Amino acid sequence: SKVATVTPGAAPASRTVAVRRACRSTTFAQNGPRDCEGSQTVFQVATRGIAAISMTALLSFGAVDTEPAMAALSNPNTRLPRNGVAALRRAVPSVNTDAGEIQGRLEEAAYLLRIPQRKPWGTMGDDVKSSLGIVRDRRAKLLETVPPGEAKTTAEATIAELDQLLTELGDIAGSQDVVRFDIGVAMALDATSRLRVLQAPGLPFDVPRRYDSLPRLTGRATVDLTVRKNGPDTFGFVNGEETKTAMLRVIVDGYNAPITAGNFIDKVHNGQYDGIRIKRSETALIVDPSPDDRDQNLPLEVKPIDDYEPRYRSALNVMGAEELPTLPLSVNGSLAMARGIEDGTSSATQFFVYQFDKRSAGLGGLAFEEGEFSVFGYVVKGEEEGFLSQLTTGDTIVTAKIVEGYDRLLNATTRSAPPVSVEGPTGADAVVKA
């Protein structure tokens with residue numbers, strides 16, 4: 001069946017032998033444990049994280065010279081984002097090197113903050129100070145690639161916001177306030193990400209000619225999914241009231257998956273996901289509307305993290321640690337199209353929301369299917385509130401509405417623009433009472 005083609009959570013046949021040699025898996029249920037053979041002891045499993053940190057420290061001093069592939073296996077967390085917001089932030093095209101330098105320094109400061117013992121406040125403070133210097137000294141360069149008009153006005157306001165945030169963050173680093181620094185660096189990273197999106201108004205590459213007529217998204221779009229629990233079940237109490245309906249906000253990324261993202265936005269605009277029941281597998285929520293006669297398979301579309309443009313009809317060799325995708329599947333709340341009927345293709349209609357659990361991941365802490373699906377976005381609101389984890393078979397997507405970004409869709413299958421979605425509260429405050 002079509003649903004069976006998704007198979008999230010199961011190792012591909014080509015890798016079964018290698019995986020079994022490394023670790024004999026028990027019943028692969030959600031959150032299921034693994035019983036490993038050979039010389040892999042409980043102590044080795046427990047110290048894997050410590051070994052990864054030690055390897056990173058040795059690399060920083062030049063004591064160990066490993067290839068990028070080995071570094072990814074030793075400590076994949078240095079390249080894998082922790083959530084959908086971080087994944088999208090890292091996936092913005094690097095159009096402006098100055099803004100990229102700001103983000104790199106702030107990402108480093110945020111990473112150093114996670115050190116459990118004595119934190120390197122001096123280094124973190126230097127990262128903030130250097131970022132502030134770029135904002136003040138290279139303001140004109142930060143605005144070079146922003147198109148004139150409303151976008152430039154917004155960019156100027158964002159730079160002013162970033163200046164203020166970094167000024168305050170420098171003082172917080174001086175006082176070594178962990179909680180306030182964590183909040184402040186997250187806000188500064190968010191402002192930097194918004195600036196980088198404004199600096200990249202379109203795709204930095206051309207899609208292959210054979211796919212030029214397909215719908216494609218030349219940037220990002222925001223979609224709100226209104227979901228409802230089935231039968232007597234509810235999402236629990238929100239703001240003192242029990243509710244059956246909640247809102248999930250999704251950011252769709254056309255920068256790195258323009259064909260897949262464009263297809264999804266086109267389907268949302270046409271109402272194809274309204275009123276569709278959800279099916280739950282061990283590691284994913286599957287949305288499978290009945291395709292019409294016009295639908296066809298899409299090319300598998302995966303952009304390697306170090307490549308300039310996506311790769312089509314070819315999966316990445318992630319388990320060999322040779323490459324990682326710019327939009328990783330190994331993030332809770334990632335959105336991807338199901339496999340198509342033919343090799344190297346994706347379904348044009350069926351998508352799933354991946355529910356990643358590191359405890360049931362493969363080698364290097366990655367999902368077994370990493371690099372084999374066309375990932376095109378992430379849930380950015382509704383996951384931390386607990387709505388996403390509560391969805392199960394029989395629950396329904398009541399409506400899917402485009403909030404922002406429809407103007408970036410090319411080759412739409414209909415000419416009319418979607419109804420304007422009024423911006424309102426998000427997260428727990430956006431719950432629709434039933």
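Before you select anything, a word on helix geometry: an axis is a line fitted to C-alpha atoms, for helices over the stretch in contact, and angles run from 0 to 180 degrees between N-to-C directions. Helices (H or I, at least four residues) and strands (E, at least two) are DSSP runs, numbered from the N terminus. What you have open is a predicted model, in which local features need pLDDT of at least 70 and side-chain atom pairs count only at pLDDT 80 or more, while totals for chains, interfaces and linings use all residues. Residues are numbered from 1 along each chain as its sequence is written, and side-chain values use heavy atoms, with hydrogens and water left out.

**The whole protein**

Start with everything in view. The protein has 12 helices and 17 strands. Of its 434 residues, 47% are buried (under 20% relative accessible area; exposed is over 50%, partly exposed in between, with a 1.4 Å probe and protein chains only). Contact, here and below, means heavy atoms within 4.5 Å. Among contacts with a separation of 6 or more, 72% join residues 24 or more positions apart.

**Stop 1: helix α10**

Select residues 178-199, which form α10. This helix has 22 residues and reaches 31 Å from its first C-alpha to its last, close to the 32 Å expected at 1.5 Å a residue (the expected span is 1.5 Å times one less than the number of residues). Now colour its buried residues, including Phe181, Gly184, Val185, Ala188 and Leu189. As a reminder, an α-helix has 3.6 residues a turn, so residues three or four places apart point the same way. What do the buried residues of α10 pack against? Show α5 (84-90), α6, α7 (121-137), α8 (139-142) and α9 (150-175) to see these partners.

**Stop 2: α10 with α6**

α6 passes α10 in a left-handed crossing, where the near helix is turned anticlockwise from the far one by less than a right angle (clockwise would be right-handed). Side chains to show in this contact include Ile102, Leu106 and Leu113 of α6, and Val178, Phe181 and Arg196 of α10. The residues of this contact divide into 11 nonpolar, five polar and three charged. Here Ala, Val, Leu, Ile, Met, Phe, Trp, Tyr, Cys and Pro count as nonpolar, Asp, Glu, Lys and Arg as charged, and the others, Gly among them, as polar.

**Stop 3: α10 with α9**

At what angle do α9 and α10 pack? The angle is about 160°, and the axes are 9 Å apart. This pair is therefore roughly antiparallel, and its crossing is left-handed. Among the residues in contact are Leu162, Leu165 and Leu169 of α9, and Met187, Ala191 and Leu198 of α10. By class, the contact has 16 nonpolar, four polar and three charged residues.

Then click on Gln176, in the loop between α9 and α10. Gln176 has a positive phi of about 55° although it is not a glycine, and with a relative accessible area of 47% it is partly exposed.

**Stop 4: helix α11**

Jump to residues 258-269, helix α11. It has 12 residues and reaches 16 Å from its first C-alpha to its last, close to the 16 Å expected. Is α11 largely enclosed or exposed? 12 of its 12 residues are buried, so α11 is largely enclosed by the rest of the structure. Just after this helix, find Gly271, which takes a positive phi of about 75°.

**Stop 5**

Select Leu285 in strand β9 (residues 284-287). Leu285 is buried, with a relative accessible area of 2%. Among the residues it touches are Ile278, Phe351, Val353 and Leu391. Leu388 is another of its contacts; the C-alpha atoms of Leu285 and Leu388 are separated by 9.0 Å, although the two are 103 residues apart along the chain.

Finish at Phe356, in the loop between β14 (345-354) and β15 (374-381). At 15% relative accessibility, Phe356 counts as buried. Its contacts include Ser330, Val331, Asn332 and Leu366.

Technical notes. Angles under 35 degrees count as roughly parallel, over 145 as roughly antiparallel, 65 to 115 as roughly perpendicular and the rest as oblique.
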